[in-house]
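Please open the model in your viewer and keep the sequence panel beside it. The tour below goes from one selection to the next and says what is to be found at each stop.

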Amino acid sequence: MTMHTQPVIVNIGPHHPSTHGVFRMRLTMDGENILDVEPVIGYLHRGSEKLAEERHYTQVITLTDRMDYVASMTNNQAYVLSCEQLTGITPPDRGLYLRVIAAELQRVVSHLVATGFFLQDLGAFATPLMYAMRERERVLDLFEMLCGARITVSYMRIGGVFQDAPGEFWPALRRILDDFPSFIDELEDLISDNEIVRSRTQGVAVISGADAVNASITGPVLRASGVSWDLRKAAPYDVYDRVSFEVPLGEHGDNYDRYMIRIREIRESLKIVEQCVAQIEPGPVRATTAMLFRPPAGESYVPIEAPKGELGFYLVSDGSIAPYRMHVRAPSLINLTLLKQMLVGWKLADAIVSFGSIDVNMGEVDR
Amino acid sequence: MSPLEENHIFSGTYGFVTNTLGGPDWLAYGMGAVAVIMIVVNGFLLIGTLFTWMERKVVGRFQSRVGPNRVGPFGILQAIADAVKLLFKEDIVPRRADRLLFNAAPIVMLAPSLLALAVIPFGRGSYVADLNIAVLYVVAMGGIASLAVLMAGYSSGNKLALLGSMRAVAMLLSYEIPLVMALLGITLLAGSMSMVDIIEAQHVPFLLVSPLGALIFLIAMSAELNRPPFDVTEAESELVGGYLTEYSGMKFGVFYLAEFCNVVLAGALFAILFLDGWEWAILPSHLWFLIKVFGFLFVASWVRATLPRMRIDQILTFAWKYLFPLSLVNVLALAVETIAWPDPSLGQLWIMVAVNWVIAALAIPLLSLVVDLKTPARAGRRVSPVEEAI
């Protein structure tokens with residue numbers, strides 16, 4: 001005799017502890033098993049792209065801060081690079097180095113938050129998260145020295161950065177560079193080889209390399225599937241062609257690989273910062289540009305490797321002081337494409353963890 | 001004399017009512033019993049409250065935080081402040097809730113852990129009753145808590161709560177068996193189910209004599225108590241609050257307190273069954289017993305601060321494929337030894353210690369070789385459980 005059962009629809013979110021903001025998943029479930037997933041987004045839509053049309057080019061920088069608010073520096077970077085292509089302004093070298101230092105530190109912060117919350121989703125009762133947040137604070141202190149802000153930094157400018165790093169910045173950066181490797185080791189000792197973590201994440205929610213490419217997934221999620229694609233190598237911007245670093249690759253494309261990729265990228269980012277500190281030379285940090293400028297009519301797009309994937313600002317200029325149109329290629333949104341394929345057939349607990357492993361930021365998904 | 005009449009608190013109250021006040025015998029008997037119950041229950045709740053503070057402090061230190069430090073010295077009154085806050089909160093019953101079950105569930109949760117106290121000896125001669133089936137009684141009371149979880153989850157009218165309570169039932173069914181088997185080993189060793197007899201039988205602490213039993217007890221008890229890594233019934237990152245999702249105000253507070261009290265109770269059980277209760281004392285027996293209990297509680301907090309959560313199917317697989325055979329090995333070994341030495345001397349007990357540790361050291365790795373615990377996820381195969389079923 002078989003019992004008659006019927007699937008039940010469970011709403012995860014928009015107000016749920018592990019939806020990383022206001023994401024909503026309508027899960028059709030058969031007991032604990034997921035039969036169907038329908039992502040619902042748009043709860044954090046603020047119309048940033050439309051707002052940009054009403055502001056002049058420099059003002060838009062503050063809007064980019066608020067897209068991926070865990071990685072404001074790289075948002076700034078993508079936007080100013082696109083503006084520079086539009087106007088043809090070349091920033092001085094020191095400005096470029098400071099940008100790369102800031103961007104790589106931001107990548108460290110973003111990956112720390114991603115791994116911390118990923119492990120929190122696994123149920124590790126906040127201990128790894130607290131460790132990650134503790135170290136994140138130290139990097140945010142550096143940002144505070146650079147520009148006075150910690151989260152919404154607005155540090156980069158069209159033609160360089162806002163200001164040179166103050167004197168106390170360099171010793172503080174040195175201390176972080178010295179301490180961080182041992183902290184990463186500590187975090188890995190705590191949890192990476194944990195049997196429960198492995199059995200919960202290995203082989204779960206696999207994305208094959210081909211699927212990832214077809215869905216135009218980028219960033220750590222793509223590299224965890226074994227596809228070597230990193231815009232810092234493929235299309236170097238700023239000074240990435242002058243530093244050497246490795247692009248860590250995963251093999252299986254499962255949750256565990258996505259977690260390990262981020263840990264390894266933190267180590268690589270520190271290497272990049274190390275080299276930048278060695279190479280940076282005194283000089284101006286910003287090309288002299290007018291606050292209000294009118295770029296020639298045209299369009300520009302410079303993709304960068306943001307912590308979450310390929311981030312680019314597509315700008316169309318009509319020759320006025322404000323962009324005619326701005327469109328953001330947001331990695332968080334596009335990396336969510338395969339969510340259904342990842343989750344169907346797994347259990348509710350896996351859904352939460354797999355969603356956490358993509359590392360999306362709702363501020364960037366909805367903009 | 002019944003055990004109650006040996007109790008100092010009881011006899012003191014009894015004597016006070018009959019001699020000083022000149023009250024009737026039945027009144028004195030009732031007053032004496034109430035006095036004992038008041039002291040045991042309130043003392044226990046106080047320890048439970050203290051444990052909520054301790055766990056927050058300990059986990060805080062593990063996470064390089066300070067933990068509560070605002071209310072009273074070292075924040076020790078935090079739990080009281082929380083309780084006062086919860087008392088003043090609005091008591092919300094969801095519209096779709098089954099009111100009767102919804103309101104009864106917190107009571108059903110707390111009552112059994114208080115009832116189980118009756119047989120717990122807190123120190124030399126300090127117990128309410130010395131039941132000859134005490135172990136069985138405690139297990140029976142422990143089972144009721146899961147019923148309360150099911151009641152709460154079912155009556156909340158919330159899908160997440162329902163999922164949480166369904167997980168609780170599945171876990172109860174699976175882990176009750178290894179737990180009982182571990183306790184069966186202890187009963188075989190002591191030749192009695194009475195707590196006092198078990199303590200007196202421990203010339204060598206049963207932690208040493210039955211290491212497998214202690215391990216199984218610890219794991220199965222964590223599952224029974226919904227402690228990490230088995231906290232899938234609450235699973236705040238998956239199910240918001242599990243069966244607690246819809247509870248607010250003091251009903252939530254009672255659930256919270258009951259959970260912590262159950263952990264304290266488990267600590268007391270562990271101290272009695274495996275750490276020889278109040279014996280080997282260098283301090284007054286009550287204090288010594290409490291130290292052992294808090295030792296267990298510290299380990300519980302430690303585990304909570306360290307381990308991530310397992311998935312429900314992994315938890316059940318672990319119980320049936322691994323813990324259950326292991327508990328059978330444990331019972332078999334102890335049964336054979338008990339038949340060989342029905343009344344073991346100290347020397348024979350130490351031989352049993354050696355034999356049992358060897359058995360434990362062999363059984364655990366051997367079993368993991370024989371029993372393939374590898375779920376599809378572990379083996380790295382790229383199939384989900386549903387696809388595999390098809």
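Begin with helix 2 of chain B and select its buried residues, Phe10(B), Thr13(B), Tyr14(B) and Val17(B); a residue is buried here if 20 or more other C-beta atoms lie within 10 Å of its own, exposed if 12 or fewer, and partly exposed in between, with C-beta atoms placed from the backbone. Looking down the axis of helix 2 of chain B, one finds these buried residues within an arc of 100°, so they line one face of the helix; the arc is that of the directions from the helix axis to the C-beta atoms. Helices (H or I, at least four residues) and strands (E, at least two) are DSSP runs, numbered from the N terminus.

This is a predicted model, in which local features need pLDDT of at least 70 and side-chain atom pairs count only at pLDDT 80 or more, while totals for chains, interfaces and linings use all residues. Residues are numbered from 1 along each chain as its sequence is written, and chains are lettered from A and ligands numbered from 1 in the order in which they are written.

Now select His8(B), Gly12(B), Gly15(B), Asn19(B) and Thr20(B), the exposed residues on the face of helix 2 of chain B that is turned away from its buried side. Just after this helix, Gly22(B) takes a positive phi of about 70°.

Next, colour chain B by domain: domain 1 covers 1-88 and domain 2 covers 90-389, with bounds that come from an automatic or database domain assignment. The centres of domain 1 and domain 2 of chain B, taken over C-alpha atoms, are separated by 24 Å. Their contact takes 21 residues from domain 1 of chain B and 21 residues from domain 2 of chain B, where two residues are in contact if their C-beta atoms, placed from the backbone, lie within 7 Å. On the side of domain 1 of chain B that touches domain 2, the elements giving two or more residues are helix 1 (3-6), helix 3 (25-62) and helix 4 (78-88) of chain B. Helix 3 of chain B gives the most to that side, with 14 residues.

Finally, move to chain A, where strand 2 (residues 24-30) runs antiparallel to strand 1 (residues 8-12), joined by five bridges; two strands pair if DSSP finds at least two bridges between them. Val8(A) stands opposite Met29(A) in strand 2 of chain A. Seven bridges join strand 2 of chain A to strand 3 (residues 33-40) of chain A, again antiparallel, and Leu27(A) stands opposite Val37(A) in strand 3 of chain A.
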